[in-house]
Amino acid sequence: MTLDETQLLDTQRAFDSVAADYDGPRGNNELIQRMRVTLWDTVRAVVPSGSRLLDLGCGTGIDAAEFARRGHHVVATDWSPQMVERTRARAEAAGLTSQVLPIHVGVHQLGQLHDRFDGIYSNFGPLNCAPDLRAVAADSARLLRPGGMLVFSVIGRICPWEVGYYALKGRFKRAVVRAARGATAVGMNRHTIWTYYYSPREFYRAFADYFSLESYRALSLFMPPPYLVDVYRRHPVACERLGRLDDRLGGLPLLRNMGDHFLIVLRRR
Ligand SMILES: C[S@@+](CC[C@H](N)C(=O)[O-])C[C@H]1O[C@@H](n2cnc3c(N)ncnc32)[C@H](O)[C@@H]1O
């Protein structure tokens, strides 16, 4: 099943409704920032400095601004007009308008782009909202130079913290929501985000015709997921230890298939 226009608009409205406060605890708390840095470091390791990047689902533009400060040129795209507007305002406030180009384009509309990029990244699950992941793969292949890189953080299927947390609360359906096949309605701010969950292997299958799999790793497997930031705030020392376990062990076989998100790196053949 793919998403129809109404469902795409549901997701757009959901993110529009939170754009104004997305830089606060909802969209950018300590646990999110920690995962963000892992994506930043990974992008830095795999694309040349100063190169051209495409951000899919840029949100309020935190990553785009960071990469622009590091000397990249970034085309920052999102399906939520309010998010794009926040990215534009951020770039303007930071004096980065010559390096960040915010555009209102969904991942299902990448046919509208005709540039060439050295790298494409997407952080915190925009690709979980893509109605057709194979079409995203084909567009990414067209937009990337040969040898160009994809770095995506994607919401995974197996998050032990989530299963334990919701099972203890007796919310068993919520505990296993990530096992769902096809598009799943996930509530946010009294709106609906239509979400697909993937294991890293399921995700890679959509890209395999054009891309080789370089690596993947778990994000926030030992560390609690971002919505449990209160656990982190009550036990910061213990949680930092768990974070170090993520850093050390998150790329190991088996463990890398779990976590709140996974970070996957693909190379254009
Ligand atoms: C969890 S937020 C992450 C935002 C940003 N990448 C970050 O790191 O803060 C998910 C983003 O995906 C965007 N999104 C949802 N569906 C999309 C689609 N079909 N195409 C492009 N972006 C989409 C949302 O508007 C939202 O900005």
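Here is a short tour, one selection at a time. One thing to keep in mind throughout: this is a predicted model.

**Stop 1: the annotated domain**

Select residues 54–148. UniProt, in an unreviewed entry, places the feature "domain: Methyltransferase" here.

**Stop 2**

Next, show the strands. In what order do the strands of the open sheet of seven line up? Reading across, you get S3-S2-S1-S4-S5-S9-S8, and the pairing is mixed. The edges are S3 and S8 (211–219), each of which pairs on one side only. On average, neighbouring strands of this sheet are turned by 15° against each other, ignoring direction.

**Stop 3**

Zoom in on S2, residues 73–78. Is it mostly enclosed or mostly open? Five of its six residues are buried, so the rest of the structure largely encloses this strand.

S1 and S2 run parallel and are joined by five bridges. To see one of the pairings, select Arg52 and His73, which are bridge partners. How does the chain get from S1 to S2? Follow the cartoon through helix H4 (residues 62–69): this β-α-β crossover is right-handed.

Now bring in helix H5 (residues 81–93). Together, S2, H5 and S3 make a right-handed β-α-β unit. The helix lies across both strands, and H5 runs at about 165° to S3.

**Stop 2**

Leaving out residues up to four places away in sequence, Val74 touches Leu53, Asp55, Ala64, Phe67, Ala68, Gln99 and Val100.

**Stop 3: helix H6**

Move to H6, residues 133–143. Its buried residues are Val136, Ala137, Asp139 and Ser140. What do they pack against? Show S4 (117–122) and S5, and you'll have both partners on screen.

**Stop 6**

Jump over to Ala218, which sits in strand S8. Is this residue buried or exposed? The cut-off for buried is 20 or more other C-beta atoms within 10 Å. Ala218 has 26 C-beta neighbours inside 10 Å, so it counts as buried.

Select its contacts next: not counting residues up to four places away in sequence, Ala218 touches Asp246, Gly250, Leu255, Arg256, Met258, Gly259 and Phe262. Then try the distance tool from Ala218 to Arg268. They are 50 residues apart in sequence and 22 Å apart in space, C-alpha to C-alpha.

**Stop 7**

Most residues other than glycine have a negative phi. Your last two selections go the other way.

First, pick Arg190, in the loop between S6 (184–188) and S7 (191–195). Arg190 is not a glycine, but its phi is positive, about 65°. With 7 C-beta neighbours inside 10 Å, Arg190 counts as exposed.

Then pick Ser220, in the loop between S8 and helix H10 (229–234). Its phi is also positive, near 55°. Is Ser220 buried or exposed? It has 26 C-beta neighbours inside 10 Å, so Ser220 counts as buried.

Definitions and conventions:
Residues are numbered from 1 along each chain as its sequence is written. This is a predicted model: local features need pLDDT of at least 70, side-chain atom pairs count only at pLDDT 80 or more; totals for chains, interfaces and linings use all residues. UniProt positions are given in the numbering used here, feature names are shortened, and annotations may be inferred rather than shown by experiment. A residue is buried if 20 or more other C-beta atoms lie within 10 Å of its own, exposed if 12 or fewer, and partly exposed in between; C-beta atoms are placed from the backbone. Helices (H or I, at least four residues) and strands (E, at least two) are DSSP runs, numbered from the N terminus. Two strands pair if DSSP finds at least two bridges between them. A crossover is right-handed if, with the strands pointing away from the viewer, the path from the first strand over the helix to the second runs clockwise. Axes are lines fitted to C-alpha atoms, for helices over the stretch in contact, and angles run from 0 to 180 degrees between N-to-C directions. Two residues are in contact if their C-beta atoms, placed from the backbone, lie within 7 Å.
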